[in-house]
Amino acid sequence: MKVKVSRKATFNAAHRLHRPDWDDEKNKAVFGKCNNPRYHGHNYDLIVSVTGEIDQETGFVMDLKVLKDLIKEHVEEALDHKNLNADVPEFKKLNPTAENIAVVIWNKLRPHIDKAKDLEVVLYETPRNFVTYSG
């Protein structure tokens, strides 16, 4: 019997969607307002879920306090109130789209969660735009 447990978190960050190998016209055509040279920001909502067997001793799939602390240390401290393009090493050469941010978050958390358990990241860039990554 597998059960999914989830923890919600939020962080605020600025970014610019831009490819330096494209000219300004193509960047503007593809990324629109998100290509603003002065950046723009989002209030991201994040849901991290872990799926696995219930531990018969503790009754947990994963201690949610541990998951909360992992999210704080590896996601919130790394991304909150940051300019993703300028302040976060993973985005020095990676366009900080919602898709890429979700993958980066998953990669930051995966080493700290039991490999026998599945990890899923859902990232809301706006209330109506979100991505899901499960590895």
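Modeller: A residue is called buried under 20% relative accessible area, exposed over 50%, and partly exposed in between (1.4 Å probe, protein chains only). Lys65, at 47% relative accessibility, therefore counts as partly exposed. The model is predicted, so local features need pLDDT of at least 70 and side-chain atom pairs count only at pLDDT 80 or more, while totals for chains, interfaces and linings use all residues. Residues are numbered from 1 along each chain as its sequence is written, and side-chain values use heavy atoms, with hydrogens and water left out.

Biologist: What is a salt bridge, and how many does the structure hold?

Modeller: Side chains of opposite charge can pair when their charged atoms come close. The term requires a side-chain nitrogen of Lys or Arg within 4 Å of a carboxyl oxygen of Asp or Glu. The structure holds four.

Biologist: Which residue meets Lys65 in a salt bridge, and where do the two lie?

Modeller: The partner is Asp69, at 2.7 Å from N to O. Both belong to helix H2 (residues 64–79), four residues apart, which means about one helical turn separates them. Helices here are DSSP runs (H or I, at least four residues), numbered from the N terminus. Asp69 is partly exposed, at 32%.

Biologist: Which parts does the pair Glu90 and Lys108 tie together?

Modeller: Their side chains meet at 3.0 Å, N to O. Glu90 lies in the loop between helix H3 (84–87) and helix H4 (98–109), and Lys108 in helix H4, so the pair links parts 18 residues apart in sequence. Glu90 is partly exposed at 33%, whereas Lys108 is buried at 18%.
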